[in-house]
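Have a look at the sequence and the structure first.

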Amino acid sequence: MDVRIGSEAKGDCIVEAHSDVRSNIEVETKNAELLRDGIRAVAQETLSSLGVGDVAIRVIDFGALDHVIAARIEAAVRAVTPGRGLPLHPTVDRKASERDRPRRSRLYAPGNQPRLLVGIELHGADCVLLDLEDSVPLSDKAAARILVKHLLATIRFPKEAWVRVNPLGAGGREDVTEVLVGRPHGICLPKTESAQDVLDLCAELSRIEAERGIEEGSTWIMPILETARGVLHSEQIAASSDRVVMLAFGAEDYTRDIGARRTTEGLLFARSQIVAGAKAARIQASDTVYANVDDEPGLIEEAQRAQDLGFDGKGAINPRQIEPIHRTFSPTKEELEQARTIVEAAREAEKRGLGAVAVDGRMVDRPVLERAIQQIKYAGRLAGGEDRDA
Amino acid sequence: MRNAVGREIPERIGSRDVRPFEGAFATSQTGAKAARPQKCAPRTEDKLLPSIEAAIEACGLSDGMTISFHHSFRDGDRLVNRVLDACARMGIQGLRVFPTALFPVHEPLVKHIQSGVVTRIEGSMNGPVGAFISGGGRLAEPAVLRSHGGRWRSIEAGDVHIDVAFIAAPQADPYGNATGIRGKTPCGSISFSAVDAQYARHTVVITNDLQPYPVYPMEIQQGWTDYVVEVDEIGDPEHIASGTLQLTRSPTNLRIAQLTADAVVASGAFVNGFSFQGGAGGISLAVTKFLGDAMESAGIVGSFGMGGGTKLLVDLLHRELIRAILDGQAFDLDAIASLREDPAHVLIDPGFYANYDSRGCATYKLDAAFLGATEVDLEFNVNVNTHSDGQLLHGIGGHQDVAAGAAMTLITVPALRGRLPMILDRVTTVTTPGEVIDVVVTERGIAVNPRRGDLKERFVAAGLPLRSLEEIKTEAERMVQPLRRPVFGDEIIAAIEWRDGTIIDVVRKVEGWA
């Protein structure tokens, strides 16, 4: 059987493969003299790591990085000879991330398009979401999960790398099994409707973690609530497992599900419900994406409203949206100063044995003080910078 | 011998003695400038000739002579091919072509080289002609590449004597005044030819829009012009953008642009009176836009922006974020319209903006400039001429002049282009020496030349992602198998002049691969 994987897009390659008596590698590339040998070396290494000696391949390169070529070859070989396994040793030593680290932005990137994945780790997103679900057409799903696995295994993410898998019954199991080889920080579970959905994913994760020698429970889960059922069950979903660190809202599917318009009012109930559900379980909540990439004022306004409601972050569909989102969800200089003043005043009051204290004519009671302490801590963590993969 | 950037260069290239590059500002000139022959036009001089052929004849153009052109129509130019076709028909051989630049549209030059009509080229060779020379196409002498300012200097200094300057003029009068900003097909300033017109033995203005005396502004003046020819077509202004004029949409390039703008803002130079030059590449355009927005929100008004004029620069002028544009060449039609309408959009020529042997350059008044590169090396040397496979495919443009002139020069370059790492141990060709490069901005971080500890401190304080070039290089190389490298033979196909006329590097023919 002949297969053809990949595309002619910049940064991608096409790999054609068929069974043969022995392996054979052909390479086509624009800068042939410069690149042919390097591409051939990647191909040889990939074939031998797959333990393949009987597949002929042709690599037609359009400027793909090594891990993209390796992923395309693996996908092609596995399509030709089903049953070949996952023998990939990640070159990145990725540590589990902290449960409550700041997650102001979650940047979606289509898991099937190398062109859009090059440098995706460089834009400062708190969570990069490599997507295998809505942005990947059905025919591309198998190759995309292999590509995402190789990307995770190669690229050092300064913050968090997540994968949005398909619903478990619709390819999600295969997604999780594949991508966990690349050791993402977490899995986004779309269209989550119940605590059971999360528990099913937990079971998969525990099984694979055990198989691959990964510490149990170290892979986080971010359920995405984007149906009426999901929104109504946000409290149980948030509390379903210690793996769940954040609830995310998906407005597009939600409005379709309930027949609402995507207006501030149309989304208000779901947003508030999700925030309350998340906060009841002491986890974070992330608002839906803002679809108009060119409208920065609109994005900031929506992000500000989300923050007012209690959200900790917001989705992004383009790297340009990250900076404005971070600006909105980070305490301002004035807020920080105010917080420091409050803490200072409270400390002073305690020293002098005073019960209550006022700052700028406002009574500082316990919730106000706690909020101020929280803000200072949060700002400290944001300033602490990146815990880069080794 | 080895020059000051460590490049091995011969003592002679073709028929010329080589002065090696000694440093960006190391040389100085003595003596007088060159001059053209005297000529006194009678009061009733009639300069109109019926055809290009008639002008060629009137100028006495013959074998072995030097002819020159400007590139203001860029990839839409029609004149170079027309003149050379005429020369070929008239049996002229052995010409030296001395354009301000060549573009893909000039591909027919290849056949004129093959038939011996053209045997030498001194000028930036973008595209097919460069590829032809790189691939073994023979010239009588190696090509010579000069910067905008370097070319101007070479004419004034008498390094190059032009026999006939052919000047495509979108509008001219019969007495030889000409402009590029009016007419049926305006292309922007044609002032690149002003030095040719003043120093060539004969100057021919060729226009497709002959208008009654006087035509203005006069980038080319009557006192310099011998003949005027009217033709039906000289160029297509739709192609002056050469396909480069698109604000980048690539997230990687936008990140580079944003980091560049952030670096400029953090540099200390970002105060009222700030001046800068931005090119026409996708990243440069985006930097110009981001800087404009930063100026607006910081309430800063710049003194001037330097062109190539673009719509983006014109927007800054109209938003009153800069007081003036100094514009040597237009990159789009909006810039040309603004040259006609905005008094603060000022026409300048390369002598004004970039000439090393002069009493002042506009580039020396620049606080910041952001320029592209094909390669950068660990010494901060920049290559804009050759690709990593050794092919000579691009000219210098104003790169050297602006980099040397600006108080802070930032190079915008992706660490990876496809599979090709762009930060190298040694660039394939040194176009611009690391001593005049202050900052290299990649998508993987910002590298500051160790000479600029002051900038480094400011960037750190601003929280910019500082890395060394070594770190950026290592990170990029992690993602691709090592490349093979071209092995160069002894044969020299082009000499790269520094703006003072010394040789900063040579391009040799590729003989194999390692």
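## Domains of chain A

Domain bounds here come from an automatic or database domain assignment. For chain A, this assignment gives domain 1 (3–80), domain 2 (105–329) and domain 3 (333–383). The C-alpha centres of domain 1 of chain A and domain 2 of chain A are 32 Å apart.

This is a predicted model, in which local features need pLDDT of at least 70 and side-chain atom pairs count only at pLDDT 80 or more, while totals for chains, interfaces and linings use all residues. Residues are numbered from 1 along each chain as its sequence is written, and chains are lettered from A and ligands numbered from 1 in the order in which they are written.

## Where domains 1 and 2 touch

Two residues are in contact if their C-beta atoms, placed from the backbone, lie within 7 Å. By that rule, 13 residues of domain 1 of chain A are in contact with 11 residues of domain 2 of chain A. On the domain 1 side, helix H2 (residues 66–80) of chain A gives the most, with six residues; helices are DSSP runs (H or I, at least four residues), numbered from the N terminus.

## Where the chains touch

Between the chains, 22 residues of chain A are in contact with 17 residues of chain B. Which elements give two or more residues to the chain A side? They are helix H1 (32–50) and H2 of chain A. The largest share, seven residues, comes from H1(A).
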